[in-house]
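Please keep the sequence and the model in view while I speak.

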Amino acid sequence: MGNCWYAPPKVDDFYSSKSNFEATKCQDKPSPILTIRSFREKGRTAIRTLREKGRTGKMSSPRSEDEILSSPNVKALSFSELKTATRNFRPDSLLGEGGFGYVYKGWLVEQTLTAARPGSGIVVAVKKLKPQGFQGHKEWLSEVNYLGQLHHPNLVKLIGYCLDGDNRLLVYEFMPRGSLENHLFKRTAQPLRWETRVKIAIDAAQGLCFLHSSESQVIYRDFKASNVLLDSEFNAKLSDFGLAKAGPTGDQTHVTTQVMGTQGYTAPEYVATGRLTSKCDVYSFGVVLLELLTGRRAVDKMKVGVEQKLVDWAKSHLDDKKHRIFRIMDTKLGGQYPRKGACIAATLAMTCVNPDAKARPKMDEVLAILETIPSLKCTIASSPSEQQTLASPLTKSPGYLDHPSPMNLTPRGSQLPAHIRLPQGR
Ligand SMILES: Nc1ncnc2c1ncn2[C@@H]1O[C@H](COP(=O)(O)OP(=O)(O)O)[C@@H](O)[C@H]1O
Ligand SMILES: [Mg+2]
């Protein structure tokens, strides 16, 4: 093959309308051509599959607190059992801390859900809300509500909850490899391989796709690396449904709500107007995809200027006439990634963070594009000389000029303008 060059689109192109995704004829080989239209079809199939294999719960219309807590899907657990199960919330059992709570490792007897001796029974993660009066009650209830009803391989499982005086706790399946945030940014963490990063992106996209595709759509609202958890095989699951919100219904185009989320991940139009749509999750997904590619945080206060915000920084490099994609890639990858796959992922990420929400793809389209990446195993950009070659100015093909598409992924040397050409056999 070897023909995996890429003429990266300019940022203006990233931000041009999605309608520019058009089919063009492949001129050299009759290999399958993937256009946004076929992505849509693939996306619809993906959604059907997700519905068939994943969903076991159905979101019912707004429920009262009593209804949520008395649902047969969630178990009420006693505070004293959870205290024993986590060895009195011992600091050395601490798995992590978020905005709302501390999460501890614990052990329960599977059948009775009573405390078990450490090392026996099932391992669980117990989130204990920070003592802040009832400020976190709404978020706690929201998690019981959503995770009690929605079941999917890419959503973390909620085992039970505890409501005892001022204490509010949640008990989840234990995710042995912790959060994606730790793997990407902790100094001591073993760097994640390219294949693992792509798999995590696909898993997380499947989780979001499932939420967005449900009859009563759910907007996750807090998609970020610390809310993506990994099991022993690096399967990724979304956790932390504290900010999840029912999507618009009927003729509504959005829901208006108080702006919540995490700086650097939140979509600009939502911050500006409080109008929430599923495209806000797509924006956050784009930011996490950039984190996966670059190994940089969404916001790094230690940096200055354009370096501070990942989206701006990535844009500044991909906007550059020289289109030096390798400059944005995580050096911890050691150059071990297929150029074409990296280019597809980077372009997709920039499309997701388009300031114009309407021009962002839907999650099923994002998923369909991501799913093309694992099969791209062409030349590895490993040596500095190769990276130099990558960095050399690319001649713009006529197609590149004619089709300022956000997905203008044009293999260099071919005459193909605006499409992604998949390798044979997919
Ligand atoms: N099920 C789990 N298994 C392992 N670690 C977890 C689990 N749930 C949470 N954690 C760890 O705790 C951190 C905070 O959890 P999270 O649910 O996001 O809390 P918050 O609602 O306060 O943001 C996560 O980033 C992760 O490191
Ligand atoms: Mg969190």
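Predicted model: local features only at pLDDT ≥ 70, side-chain atom pairs only at ≥ 80, totals over all residues.

In which sense do strand β2 and β6 pair, and over how many bridges? Strand β2 (residues 75-76) and β6 pair in the parallel sense, over two bridges. Strands here are DSSP runs of E with at least two residues, helices are runs of H or I with at least four, and both are numbered from the N terminus. Two strands pair if DSSP finds at least two bridges between them.

Residues are numbered from 1 along each chain as its sequence is written, and chains are lettered from A and ligands numbered from 1 in the order in which they are written.

I begin with the overall picture. The chain holds 15 helices and 14 strands. Of its 426 residues, 47% are buried; a residue is buried if 20 or more other C-beta atoms lie within 10 Å of its own, exposed if 12 or fewer, and partly exposed in between, with C-beta atoms placed from the backbone. Among contacts between residues at least 6 apart in sequence, 71% join residues at least 24 apart. A contact here requires that the C-beta atoms of two residues, placed from the backbone, lie within 7 Å.

Let us return to the strands. In β6, Gly-160 is the bridge partner of Lys-75. Strand β6 (residues 158-164) has five of its seven residues buried, so it is largely enclosed by the rest of the structure. It also pairs with strand β7 (residues 167-173), in the antiparallel sense and over six bridges. Within that pairing, Leu-163 has Arg-168 of β7 as its bridge partner. The hairpin of β6 and β7 has two residues between the strands, and Gly-165 there takes a positive phi near 60°.

Val-126 stands opposite Val-171 in β7. On β5 itself, six of the eight residues are buried, so this strand too is largely enclosed by the rest of the structure. β4 and β5 pair in the antiparallel sense over eight bridges, and Tyr-102 has Lys-128 of β5 as its bridge partner.

These strands lead us to the ligand. Which elements each supply at least two residues of the shell around ligand 1? They are β3 (94-97), β4 (101-108) and β5 (122-129), and the largest share, three residues, comes from β3. In total, 22 residues surround ligand 1, the closest being Gly-96, Gly-98, Phe-100, Val-103 and Ala-125; a residue is near a molecule if its C-beta atom, placed from the backbone, lies within 6 Å of it. By class, the shell has nine nonpolar, 10 polar and three charged residues. In that count, Ala, Val, Leu, Ile, Met, Phe, Trp, Tyr, Cys and Pro are nonpolar, Asp, Glu, Lys and Arg are charged, and the others, Gly among them, are polar. Domain 1 (22-54 + 191-394) and domain 2 (65-149 + 154-173) each contribute at least three residues to the shell, the domain bounds coming from an automatic or database domain assignment.

Leaving aside neighbours within four places in sequence, Ala-205 is in contact with Phe-285, Met-363, Val-366, Leu-367 and Leu-370. Met-363, Val-366, Leu-367 and Leu-370 are among the buried residues of α13. Eight of the eight residues of helix α13 (residues 363-370) are buried, so the helix is largely enclosed by the rest of the structure.

Finally, two residues in loops. Arg-221 has a positive phi of about 70° although it is not a glycine, and its place is between β8 (218-219) and β9 (228-230). Asp-240, likewise not a glycine, has a positive phi near 65° and sits in the loop between β10 (236-238) and β11 (245-246).
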